[in-house]
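Q: I have a model open on my screen and would like to learn how to read it. Can we go through it one feature at a time?

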Amino acid sequence: INFKSASFKDFENIPGAELGERAAYFAEYLNYLKSESRLNYRFEAKTGCGPELELNIPGQGGRRSYVSLVSNDYLGFTQHPEVIAAAIDGILQFGTGAGASPAIGGHYSFHEQLEKKIARFFKRSDAIVYTTGYTANSASLLCLLKKEDLAILDMAVHASVYEGCSATNVKSFLHNNLDALERILIDAQRRYRTRMVIIDGVYSQDGDLAPLDSILRLCRAYGTYLMVDDAHGTGVLGQTGRGLIEQYGLLQEVDIISGTFSKTFAHIGGYVIASRDIIDLLKYQSRQHLFSATLSPACMSILKAIDLIDEEPDRQEKLWENINYFSAGLKALGLNIGNTASAIIPVKIGDPVLNAAAAAMLLRAGVYTNPIMYPAVSRKDARIRMSLMATHTRTQLDRVLNAFDDIAKKLSLPKENYEKSR
Ligand code: PMP
(Lines give C-alpha, C1' and ligand atoms only; values in the text may rest on other atoms or scores of the structure.)
Protein backbone atom coordinates (compact mmCIF):
# COMPACT_ATOMS: atom_id res chain seq x y z
CA ILE A 1 0.00 0.00 0.00
CA ASN A 2 1.28 3.43 -0.93
CA PHE A 3 1.09 5.36 2.37
CA LYS A 4 1.06 8.74 0.65
CA SER A 5 -2.21 8.12 -1.18
CA ALA A 6 -3.69 5.52 1.21
CA SER A 7 -6.72 5.90 3.48
CA PHE A 8 -7.93 3.96 6.52
CA LYS A 9 -10.25 2.00 4.24
CA ASP A 10 -7.27 0.37 2.50
CA PHE A 11 -6.39 -1.35 5.80
CA GLU A 12 -9.82 -2.87 6.42
CA ASN A 13 -8.78 -6.04 4.63
CA ILE A 14 -5.32 -6.56 3.20
CA PRO A 15 -5.18 -9.65 0.95
CA GLY A 16 -2.91 -12.31 2.48
CA ALA A 17 -2.20 -10.35 5.68
CA GLU A 18 -3.02 -12.31 8.84
CA LEU A 19 -4.54 -10.25 11.70
CA GLY A 20 -1.26 -9.60 13.56
CA GLU A 21 0.44 -8.56 10.31
CA ARG A 22 -2.44 -6.29 9.36
CA ALA A 23 -2.40 -4.62 12.79
CA ALA A 24 1.38 -4.10 12.64
CA TYR A 25 1.16 -2.67 9.12
CA PHE A 26 -1.64 -0.33 10.21
CA ALA A 27 0.44 0.81 13.21
CA GLU A 28 3.21 1.68 10.74
CA TYR A 29 0.71 3.70 8.69
CA LEU A 30 -0.48 5.57 11.83
CA ASN A 31 3.13 6.47 12.63
CA TYR A 32 3.59 7.71 9.08
CA LEU A 33 0.48 9.91 9.35
CA LYS A 34 1.67 11.30 12.70
CA SER A 35 5.09 12.11 11.26
CA GLU A 36 3.37 14.02 8.43
CA SER A 37 0.97 15.78 10.87
CA ARG A 38 -1.87 14.17 8.98
CA LEU A 39 -3.49 12.13 11.74
CA ASN A 40 -6.61 14.18 12.15
CA TYR A 41 -8.81 12.09 14.42
CA ARG A 42 -9.85 14.15 17.42
CA PHE A 43 -8.82 11.64 20.06
CA GLU A 44 -7.41 14.21 22.48
CA ALA A 45 -9.03 13.52 25.84
CA LYS A 46 -11.18 16.55 26.52
CA THR A 47 -11.52 17.85 30.02
CA GLY A 48 -14.46 20.14 29.40
CA CYS A 49 -17.63 20.48 27.42
CA GLY A 50 -19.52 23.28 25.70
CA PRO A 51 -18.76 25.97 23.12
CA GLU A 52 -15.34 26.83 24.55
CA LEU A 53 -12.85 24.24 25.80
CA GLU A 54 -9.64 24.23 27.81
CA LEU A 55 -7.42 21.70 26.05
CA ASN A 56 -3.85 20.56 26.20
CA ILE A 57 -3.12 19.50 22.64
CA PRO A 58 0.41 18.19 22.01
CA GLY A 59 2.48 20.66 20.02
CA GLN A 60 0.09 23.57 20.69
CA GLY A 61 1.98 25.24 23.53
CA GLY A 62 0.30 23.72 26.60
CA ARG A 63 -3.11 24.15 28.06
CA ARG A 64 -5.21 26.86 26.41
CA SER A 65 -8.68 27.82 25.36
CA TYR A 66 -10.31 26.78 22.07
CA VAL A 67 -13.62 27.71 20.50
CA SER A 68 -15.16 24.29 19.92
CA LEU A 69 -17.08 23.57 16.73
CA VAL A 70 -17.16 19.80 17.02
CA SER A 71 -20.21 19.13 19.19
CA ASN A 72 -23.69 18.29 17.92
CA ASP A 73 -25.23 19.48 21.18
CA TYR A 74 -27.10 21.97 18.99
CA LEU A 75 -29.25 23.64 21.64
CA GLY A 76 -26.64 23.45 24.41
CA PHE A 77 -28.78 21.11 26.52
CA THR A 78 -25.79 19.07 27.82
CA GLN A 79 -25.02 22.06 30.06
CA HIS A 80 -28.63 22.95 30.97
CA PRO A 81 -29.14 22.80 34.78
CA GLU A 82 -32.57 21.15 34.48
CA VAL A 83 -31.26 18.49 32.09
CA ILE A 84 -28.37 17.77 34.44
CA ALA A 85 -30.75 17.64 37.41
CA ALA A 86 -32.99 15.15 35.58
CA ALA A 87 -30.04 12.83 34.94
CA ILE A 88 -29.04 13.00 38.61
CA ASP A 89 -32.62 12.40 39.66
CA GLY A 90 -32.71 9.28 37.46
CA ILE A 91 -29.59 7.94 39.13
CA LEU A 92 -30.86 8.77 42.63
CA GLN A 93 -34.14 6.96 41.93
CA PHE A 94 -32.84 3.91 40.10
CA GLY A 95 -29.06 3.68 40.48
CA THR A 96 -26.46 3.85 37.75
CA GLY A 97 -27.29 0.93 35.48
CA ALA A 98 -30.31 -0.90 34.11
CA GLY A 99 -28.60 -4.24 34.73
CA ALA A 100 -30.14 -6.31 31.92
CA SER A 101 -31.46 -6.37 28.39
CA PRO A 102 -35.12 -5.44 27.91
CA ALA A 103 -36.71 -8.88 27.65
CA ILE A 104 -35.10 -10.17 30.86
CA GLY A 105 -35.77 -7.36 33.29
CA GLY A 106 -33.93 -4.34 31.89
CA HIS A 107 -37.05 -2.51 30.70
CA TYR A 108 -37.90 0.24 33.23
CA SER A 109 -40.68 2.78 33.61
CA PHE A 110 -38.38 5.53 32.30
CA HIS A 111 -37.74 3.55 29.10
CA GLU A 112 -41.46 3.24 28.60
CA GLN A 113 -41.90 6.96 29.26
CA LEU A 114 -39.12 7.72 26.82
CA GLU A 115 -40.68 5.61 24.05
CA LYS A 116 -44.08 7.23 24.55
CA LYS A 117 -42.62 10.72 24.78
CA ILE A 118 -40.42 10.57 21.70
CA ALA A 119 -43.29 9.11 19.65
CA ARG A 120 -45.61 11.86 20.87
CA PHE A 121 -42.93 14.49 20.17
CA PHE A 122 -43.19 13.52 16.49
CA LYS A 123 -47.04 13.36 16.71
CA ARG A 124 -46.97 9.59 16.39
CA SER A 125 -47.90 6.76 18.75
CA ASP A 126 -45.20 4.07 18.69
CA ALA A 127 -41.46 4.07 19.13
CA ILE A 128 -38.61 1.80 20.18
CA VAL A 129 -35.51 3.09 21.92
CA TYR A 130 -31.97 1.78 21.32
CA THR A 131 -28.74 2.48 23.17
CA THR A 132 -27.22 4.51 20.32
CA GLY A 133 -28.40 6.29 17.21
CA TYR A 134 -26.08 4.05 15.25
CA THR A 135 -27.86 0.91 16.50
CA ALA A 136 -31.29 2.45 15.96
CA ASN A 137 -30.44 2.44 12.25
CA SER A 138 -28.28 -0.64 11.93
CA ALA A 139 -30.33 -2.94 14.17
CA SER A 140 -33.74 -1.94 12.85
CA LEU A 141 -32.71 -2.27 9.20
CA LEU A 142 -31.03 -5.63 9.84
CA CYS A 143 -34.35 -6.80 11.25
CA LEU A 144 -36.63 -5.26 8.62
CA LEU A 145 -34.84 -5.97 5.32
CA LYS A 146 -33.75 -9.48 4.25
CA LYS A 147 -32.22 -11.06 1.20
CA GLU A 148 -35.41 -10.94 -0.89
CA ASP A 149 -35.69 -7.18 -0.30
CA LEU A 150 -34.05 -4.02 -1.59
CA ALA A 151 -32.70 -0.98 0.25
CA ILE A 152 -32.43 2.11 -1.93
CA LEU A 153 -29.97 4.55 -0.36
CA ASP A 154 -28.94 8.09 -1.01
CA MET A 155 -25.18 7.68 -1.40
CA ALA A 156 -24.53 10.08 1.46
CA VAL A 157 -26.54 8.29 4.19
CA HIS A 158 -24.82 7.60 7.50
CA ALA A 159 -22.52 4.57 7.92
CA SER A 160 -25.05 2.99 10.33
CA VAL A 161 -27.58 2.71 7.48
CA TYR A 162 -25.06 0.95 5.24
CA GLU A 163 -24.29 -1.48 8.05
CA GLY A 164 -28.01 -2.13 8.61
CA CYS A 165 -28.36 -3.08 4.96
CA SER A 166 -25.65 -5.73 4.99
CA ALA A 167 -28.21 -8.59 4.95
CA THR A 168 -30.26 -7.22 2.06
CA ASN A 169 -29.74 -5.99 -1.51
CA VAL A 170 -28.57 -2.41 -1.85
CA LYS A 171 -28.76 0.12 -4.66
CA SER A 172 -27.63 3.65 -4.05
CA PHE A 173 -28.36 6.82 -5.98
CA LEU A 174 -26.34 9.98 -6.47
CA HIS A 175 -26.89 12.32 -3.54
CA ASN A 176 -30.32 14.04 -3.73
CA ASN A 177 -30.68 13.07 -7.42
CA LEU A 178 -34.38 12.38 -8.03
CA ASP A 179 -33.93 11.10 -11.60
CA ALA A 180 -31.40 8.53 -10.43
CA LEU A 181 -33.74 7.49 -7.62
CA GLU A 182 -36.69 7.11 -10.00
CA ARG A 183 -34.64 4.96 -12.39
CA ILE A 184 -33.91 2.55 -9.53
CA LEU A 185 -37.56 2.54 -8.44
CA ILE A 186 -38.77 1.71 -11.96
CA ASP A 187 -36.21 -1.03 -12.37
CA ALA A 188 -36.90 -2.53 -8.93
CA GLN A 189 -40.70 -2.47 -9.10
CA ARG A 190 -41.56 -6.14 -9.34
CA ARG A 191 -38.18 -7.61 -8.63
CA TYR A 192 -38.00 -7.34 -4.87
CA ARG A 193 -40.47 -8.26 -2.15
CA THR A 194 -40.08 -5.16 0.02
CA ARG A 195 -38.45 -1.98 -1.24
CA MET A 196 -37.37 0.78 1.13
CA VAL A 197 -35.84 4.15 0.34
CA ILE A 198 -33.58 5.34 3.17
CA ILE A 199 -32.39 8.92 3.41
CA ASP A 200 -31.06 11.35 5.99
CA GLY A 201 -33.05 14.52 6.67
CA VAL A 202 -29.92 16.65 7.11
CA TYR A 203 -26.74 15.18 5.63
CA SER A 204 -23.94 14.93 8.14
CA GLN A 205 -20.99 16.07 6.02
CA ASP A 206 -22.54 18.84 3.89
CA GLY A 207 -25.35 19.98 6.20
CA ASP A 208 -27.67 20.07 3.19
CA LEU A 209 -31.28 18.81 3.19
CA ALA A 210 -33.20 16.04 1.46
CA PRO A 211 -35.97 17.12 -0.98
CA LEU A 212 -38.41 15.23 1.21
CA ASP A 213 -41.70 16.00 -0.55
CA SER A 214 -40.41 14.84 -3.95
CA ILE A 215 -38.85 11.71 -2.49
CA LEU A 216 -42.03 10.79 -0.63
CA ARG A 217 -44.06 11.32 -3.82
CA LEU A 218 -41.77 8.92 -5.70
CA CYS A 219 -42.02 6.36 -2.88
CA ARG A 220 -45.81 6.50 -3.02
CA ALA A 221 -45.89 6.27 -6.82
CA TYR A 222 -43.76 3.12 -6.79
CA GLY A 223 -45.15 1.43 -3.67
CA THR A 224 -41.98 1.82 -1.64
CA TYR A 225 -41.42 2.43 2.09
CA LEU A 226 -39.59 5.57 3.17
CA MET A 227 -37.29 5.77 6.19
CA VAL A 228 -35.79 9.11 7.22
CA ASP A 229 -32.93 9.50 9.72
CA ASP A 230 -33.21 13.09 10.91
CA ALA A 231 -30.39 12.92 13.47
CA HIS A 232 -29.11 16.40 12.60
CA GLY A 233 -32.44 18.05 11.82
CA THR A 234 -34.18 17.40 15.12
CA GLY A 235 -34.17 20.47 17.37
CA VAL A 236 -32.72 22.52 14.52
CA LEU A 237 -35.34 22.58 11.75
CA GLY A 238 -39.13 22.87 11.69
CA GLN A 239 -41.38 25.49 13.27
CA THR A 240 -41.30 23.66 16.64
CA GLY A 241 -37.99 21.82 16.32
CA ARG A 242 -39.37 18.51 15.05
CA GLY A 243 -36.88 18.62 12.20
CA LEU A 244 -36.97 18.45 8.43
CA ILE A 245 -40.07 16.23 8.40
CA GLU A 246 -42.01 18.90 10.30
CA GLN A 247 -40.64 21.57 7.95
CA TYR A 248 -42.30 19.65 5.09
CA GLY A 249 -45.47 18.95 7.11
CA LEU A 250 -45.01 15.19 6.62
CA LEU A 251 -44.77 13.82 10.18
CA GLN A 252 -47.77 11.53 9.59
CA GLU A 253 -46.59 10.41 6.15
CA VAL A 254 -43.04 9.14 6.53
CA ASP A 255 -43.22 5.38 7.24
CA ILE A 256 -40.21 5.16 9.53
CA ILE A 257 -38.45 7.99 11.37
CA SER A 258 -35.14 7.34 13.09
CA GLY A 259 -32.88 9.57 15.10
CA THR A 260 -30.51 9.93 17.99
CA PHE A 261 -30.55 11.19 21.57
CA SER A 262 -26.86 12.11 21.29
CA LYS A 263 -27.19 15.45 19.54
CA THR A 264 -30.00 17.91 20.41
CA PHE A 265 -31.29 15.61 23.17
CA ALA A 266 -27.91 15.84 24.90
CA HIS A 267 -27.45 12.26 26.06
CA ILE A 268 -26.88 9.01 24.17
CA GLY A 269 -29.28 6.56 22.52
CA GLY A 270 -31.48 6.37 19.48
CA TYR A 271 -35.06 5.77 18.43
CA VAL A 272 -37.17 4.37 15.64
CA ILE A 273 -40.76 5.52 15.12
CA ALA A 274 -43.14 3.51 12.95
CA SER A 275 -46.50 1.71 12.96
CA ARG A 276 -47.39 -0.38 16.03
CA ASP A 277 -46.81 -3.63 14.11
CA ILE A 278 -43.39 -2.63 12.86
CA ILE A 279 -42.34 -1.46 16.33
CA ASP A 280 -43.50 -4.78 17.84
CA LEU A 281 -41.58 -6.66 15.18
CA LEU A 282 -38.46 -4.72 16.19
CA LYS A 283 -39.07 -5.21 19.91
CA TYR A 284 -39.28 -8.98 19.60
CA GLN A 285 -36.94 -9.60 16.69
CA SER A 286 -34.24 -6.99 16.59
CA ARG A 287 -31.29 -8.80 18.13
CA GLN A 288 -29.34 -5.74 19.27
CA HIS A 289 -32.45 -4.70 21.23
CA LEU A 290 -33.24 -8.14 22.65
CA PHE A 291 -29.74 -9.14 23.70
CA SER A 292 -28.19 -5.87 24.82
CA ALA A 293 -28.65 -3.93 28.09
CA THR A 294 -30.95 -0.90 28.03
CA LEU A 295 -30.10 2.77 28.55
CA SER A 296 -29.02 3.70 32.08
CA PRO A 297 -31.32 5.69 34.41
CA ALA A 298 -29.36 8.87 33.64
CA CYS A 299 -31.29 8.83 30.34
CA MET A 300 -34.13 10.46 32.27
CA SER A 301 -32.36 13.67 31.22
CA ILE A 302 -33.73 13.05 27.73
CA LEU A 303 -37.30 13.38 29.03
CA LYS A 304 -36.42 16.89 30.22
CA ALA A 305 -34.57 17.81 27.01
CA ILE A 306 -37.65 16.85 24.97
CA ASP A 307 -39.80 19.16 27.12
CA LEU A 308 -37.29 22.00 26.84
CA ILE A 309 -37.60 22.11 23.06
CA ASP A 310 -41.15 23.39 23.62
CA GLU A 311 -40.44 25.28 26.85
CA GLU A 312 -37.44 27.25 25.54
CA PRO A 313 -38.03 27.86 21.83
CA ASP A 314 -35.66 30.84 21.99
CA ARG A 315 -32.76 28.35 21.90
CA GLN A 316 -33.66 27.27 18.37
CA GLU A 317 -33.99 30.94 17.44
CA LYS A 318 -30.57 31.73 18.90
CA LEU A 319 -29.07 28.77 17.03
CA TRP A 320 -30.42 30.17 13.76
CA GLU A 321 -29.06 33.64 14.53
CA ASN A 322 -25.67 31.98 14.93
CA ILE A 323 -26.04 29.89 11.76
CA ASN A 324 -27.03 32.92 9.69
CA TYR A 325 -24.32 35.15 11.12
CA PHE A 326 -21.56 32.57 10.75
CA SER A 327 -22.52 31.42 7.23
CA ALA A 328 -22.75 35.03 6.05
CA GLY A 329 -19.31 35.70 7.57
CA LEU A 330 -17.69 32.74 5.81
CA LYS A 331 -19.35 33.67 2.51
CA ALA A 332 -18.13 37.25 2.85
CA LEU A 333 -14.60 35.79 3.03
CA GLY A 334 -15.34 34.02 -0.26
CA LEU A 335 -15.11 30.56 1.35
CA ASN A 336 -17.12 27.70 -0.11
CA ILE A 337 -19.72 26.42 2.36
CA GLY A 338 -21.63 24.37 -0.20
CA ASN A 339 -25.38 23.94 0.17
CA THR A 340 -25.66 23.85 3.93
CA ALA A 341 -29.05 24.78 5.36
CA SER A 342 -28.55 23.50 8.90
CA ALA A 343 -26.23 23.78 11.91
CA ILE A 344 -23.53 21.77 10.12
CA ILE A 345 -21.26 24.14 8.24
CA PRO A 346 -18.45 22.86 6.03
CA VAL A 347 -15.69 24.97 4.55
CA LYS A 348 -14.83 23.06 1.41
CA ILE A 349 -11.14 23.02 0.64
CA GLY A 350 -10.85 20.03 -1.70
CA ASP A 351 -7.21 19.01 -1.46
CA PRO A 352 -6.62 16.85 1.65
CA VAL A 353 -3.10 18.17 2.34
CA LEU A 354 -4.27 21.80 2.17
CA ASN A 355 -7.22 20.81 4.36
CA ALA A 356 -4.94 19.32 7.01
CA ALA A 357 -2.77 22.47 6.93
CA ALA A 358 -5.84 24.67 7.40
CA ALA A 359 -7.06 22.58 10.34
CA ALA A 360 -3.63 22.77 11.99
CA MET A 361 -3.52 26.57 11.56
CA LEU A 362 -7.02 26.87 12.98
CA LEU A 363 -5.87 24.94 16.05
CA ARG A 364 -2.95 27.29 16.48
CA ALA A 365 -5.45 30.16 16.36
CA GLY A 366 -7.54 28.52 19.10
CA VAL A 367 -10.26 27.08 16.86
CA TYR A 368 -11.15 23.42 17.29
CA THR A 369 -12.75 21.90 14.18
CA ASN A 370 -13.01 18.56 12.41
CA PRO A 371 -10.96 18.13 9.24
CA ILE A 372 -12.88 15.62 7.11
CA MET A 373 -11.24 13.56 4.40
CA TYR A 374 -11.68 10.42 2.34
CA PRO A 375 -13.34 7.98 2.95
CA ALA A 376 -15.89 10.07 4.91
CA VAL A 377 -16.13 12.18 1.74
CA SER A 378 -14.74 11.59 -1.76
CA ARG A 379 -10.99 12.00 -2.38
CA LYS A 380 -11.04 15.57 -3.75
CA ASP A 381 -13.72 16.80 -1.38
CA ALA A 382 -11.84 17.43 1.88
CA ARG A 383 -13.33 20.06 4.13
CA ILE A 384 -13.29 21.60 7.57
CA ARG A 385 -16.54 20.56 9.20
CA MET A 386 -18.11 22.61 11.95
CA SER A 387 -21.26 22.37 14.05
CA LEU A 388 -22.84 25.43 15.59
CA MET A 389 -24.62 25.60 18.92
CA ALA A 390 -27.20 28.00 20.34
CA THR A 391 -24.71 28.72 23.11
CA HIS A 392 -21.87 30.01 20.91
CA THR A 393 -21.41 33.72 21.57
CA ARG A 394 -20.84 36.39 18.93
CA THR A 395 -17.31 36.92 20.32
CA GLN A 396 -16.51 33.23 19.85
CA LEU A 397 -17.86 33.20 16.29
CA ASP A 398 -15.90 36.35 15.45
CA ARG A 399 -12.74 34.68 16.73
CA VAL A 400 -13.36 31.81 14.30
CA LEU A 401 -14.16 34.12 11.37
CA ASN A 402 -10.99 36.14 12.00
CA ALA A 403 -8.95 32.94 12.04
CA PHE A 404 -10.47 31.86 8.72
CA ASP A 405 -9.76 35.28 7.22
CA ASP A 406 -6.10 35.00 8.16
CA ILE A 407 -5.73 31.36 7.06
CA ALA A 408 -7.58 31.83 3.77
CA LYS A 409 -5.04 34.53 2.83
CA LYS A 410 -1.98 32.64 4.05
CA LEU A 411 -2.93 29.36 2.36
CA SER A 412 -4.75 30.90 -0.64
CA LEU A 413 -7.78 28.74 0.09
CA PRO A 414 -10.11 28.19 -2.90
CA LYS A 415 -12.65 30.98 -3.33
CA GLU A 416 -16.28 30.70 -4.24
CA ASN A 417 -17.77 33.46 -6.36
CA TYR A 418 -21.19 33.91 -4.75
CA GLU A 419 -22.15 36.72 -7.12
CA LYS A 420 -21.57 34.47 -10.12
CA SER A 421 -23.19 31.37 -8.66
CA ARG A 422 -26.29 33.36 -7.81
N1 PMP B 1 -27.31 9.16 11.89
C2 PMP B 1 -26.60 10.21 11.50
C3 PMP B 1 -27.06 10.98 10.30
C4 PMP B 1 -25.46 10.59 12.20
O5 PMP B 1 -24.73 11.64 11.80
C6 PMP B 1 -25.06 9.83 13.33
C7 PMP B 1 -23.84 10.14 14.17
N8 PMP B 1 -23.14 11.21 13.98
C9 PMP B 1 -25.82 8.73 13.69
C10 PMP B 1 -26.94 8.42 12.96
C11 PMP B 1 -25.42 7.87 14.86
O12 PMP B 1 -25.83 8.43 16.05
P13 PMP B 1 -25.08 8.16 17.42
O14 PMP B 1 -23.79 8.92 17.38
O15 PMP B 1 -26.02 8.69 18.43
O16 PMP B 1 -24.86 6.70 17.54
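**Reading the model**

A: Helices (H or I, at least four residues) and strands (E, at least two) are DSSP runs, numbered from the N terminus. Keep in mind that this is a predicted model, where local features need pLDDT of at least 70 and side-chain atom pairs count only at pLDDT 80 or more, while totals for chains, interfaces and linings use all residues. Residue numbers start from 1 along each chain as its sequence is written.

Q: Is Leu401 buried, exposed or partly exposed, and why?

A: The general idea is a neighbour count: a residue is buried if 20 or more other C-beta atoms lie within 10 Å of its own, exposed if 12 or fewer, and partly exposed in between, with C-beta atoms placed from the backbone. Leu401 has 19 such neighbours inside 10 Å, so it counts as partly exposed. Its C-alpha atom is separated by 41 Å from that of Asp255, 146 residues apart from it along the chain.

Q: How do I read the length of a helix, say α12?

A: Take 1.5 Å times one less than the number of residues as the expected span. For the 19 residues of α12 (residues 314-332) that gives 27 Å, and the end C-alpha atoms are 27 Å apart, so the two agree.

Q: Which residues of α12 are buried?

A: Here's the idea first: an α-helix has 3.6 residues a turn, so residues three or four places apart point the same way. In α12, the buried ones are Arg315, Gln316, Leu319, Asn322, Ile323, Phe326 and Leu330. They cover an arc of only 120° around the axis, which puts them on the same side of α12; the arc is that of the directions from the helix axis to the C-beta atoms. Turned away from that buried side is a face with the exposed residues Asp314, Glu317, Asn324, Ala328 and Ala332.

Q: What covers the buried residues of α12?

A: The cover includes β10 (344-350) and α14 (394-411), judged by contacts, meaning C-beta atoms, placed from the backbone, within 7 Å.

Q: Where do I find a positive phi?

A: One is at Gly334, which follows α12 and has a phi near 80°. Lys123 is not a glycine, yet its phi is positive, about 60°. Lys123 lies in the loop between α3 (109-121) and β3 (127-130), and it is exposed, with 12 other C-beta atoms within 10 Å. Ser412 also has a positive phi, near 45°. You'll find Ser412 in the loop between α14 and α15 (418-421), and with 9 C-beta neighbours inside 10 Å it counts as exposed.

Q: Which residues come nearest to the ligand?

A: Call a residue near if its C-beta atom, placed from the backbone, lies within 6 Å of the molecule. Of the 14 residues around the ligand, Gly133, Tyr134, Ala231, Thr260 and Ser262 come nearest. Helix α4 (residues 133-144) gives the most to this shell, with three residues.

Terms used. Contact = placed C-beta atoms within 7 Å.
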